[in-house]
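I opened this entry to record what I looked up in the model.

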Amino acid sequence: MNKHCAAAAIAASLMFGTAFAGPTPAPADAYAYIGYPNNGQVLPAGKPFRVWFGLRNMGVAPHGVNYPNTGHHHLLIDTDLPPFDQGIPSDRQHLHFGAGETETTLELPPGTHTLQLLMGDYNHVPHNPPVYSKKITIYVK
Amino acid sequence: MLRRTILGALAWFAVLVPSRSFSAHRTPSPPNAEAYIIWPPDGAVLTGGKLWVRMGLRNMGVCPKGIDMPNVGHHHLLIDTDLPPFDQEIPSDRQHLHYGAGETDARIELPPGKHTLQLLLGDFNHVPHDPPIYSKKITITMR
């Protein structure tokens with residue numbers, strides 16, 4: 001009975017792992033956050049602002065570098081989290097920081113915008129479990 | 001006489017060569033690269049002993065130790081100490097903390113009193129870049 005439960009649990013975790021997350025494990029306590037701007041912040045239009053990528057209990061490595069407990073930052077702009085079991089798209093709403101950058105400068109048109117960080121592994125696929133920040137809202141006026 | 005000349009030449013080599021050969025091995029840093037401490041701010045007064053230090057880097061990337069790639073390095077946090085020599089490995093001790101796994105946030109604990117913090121970037125071999133990338137040294141007070 002116990003054996004069956006264990007086997008089922010392993011099978012479920014394997015299925016969960018392959019279906020909903022990438023193959024690279026992340027530390028359970030890894031934590032990504034946007035250090036700046038703050039949630040709800042109003043920023044002046046026409047003026048580039050800096051975005052700080054925060055990461056705790058995990059390290060940064062450029063894309064292509066397969067090193068345990070590392071990944072590189074992706075900044076999602078005005079979009080939801082992409083599927084976790086495939087490469088993060090690379091477009092104007094999904095900025096890749098594959099050279100190991102830990103900050104960037106952005107300029108956004110006037111309006112309400114959302115920002116969110118999502119870590120990708122050496123292959124740009126989210127980790128298991130995925131490591132992403134809270135989605136913040138900023139106002140460009 | 002000849003021997004003395006050779007010895008003299010060797011002595012000059014001993015003086016001249018080390019810095020040159022080391023600098024030849026040092027990893028170049030990109031222009032405009034800048035390390036800085038995002039948090040805590042210079043002059044901060046903190047309580048509780050423990051803090052997260054946010055390590056900032058501009059125009060350059062973070063990469064774990066041991067990986068030789070252009071325009072990357074890993075952070076070293078210097079606590080209550082001056083910058084070490086730039087032509088050799090950064091020491092690894094309680095005043096020189098290495099973040100060789102690519103960490104960008106450091107959890108540290110400090111006893112009450114005044115302390116200085118400074119960042120120094122190391123290459124894949126823990127040697128500072130050429131030119132070296134280091135932050136301003138900040139002073140904080142732990143209550």
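I began with pLDDT, the predictor's confidence in each residue, from 0 to 100. For chain A I noted a mean pLDDT of 90, with 87% of its residues at 70 or more.

The model is predicted, and I kept to its rules: local features need pLDDT of at least 70, side-chain atom pairs count only at pLDDT 80 or more, and totals for chains, interfaces and linings use all residues. Residues are numbered from 1 along each chain as its sequence is written, and chains are lettered from A and ligands numbered from 1 in the order in which they are written.

I took two residues as in contact if their C-beta atoms, placed from the backbone, lie within 7 Å. Over residues 8–19 of chain A, pLDDT stays under 50, and I found two contacts beyond four places in sequence for this stretch.

I turned next to the contact between the chains. Chain A contributes 18 residues and chain B contributes 18 residues. On the side of chain A that touches chain B, β3 (49–56) and β4 (59–60) of chain A each supply at least two residues. Strands here are DSSP runs (E, at least two residues) and helices are DSSP runs (H or I, at least four), numbered from the N terminus. β3(A) gives the most to that side, with four residues.

Last, I looked at chain B. I recorded one helix and nine strands in chain B, in the order α-β-β-β-β-β-β-β-β-β from the N terminus on. Among the contacts in chain B with a separation of 6 or more, 66% join residues 24 or more positions apart.
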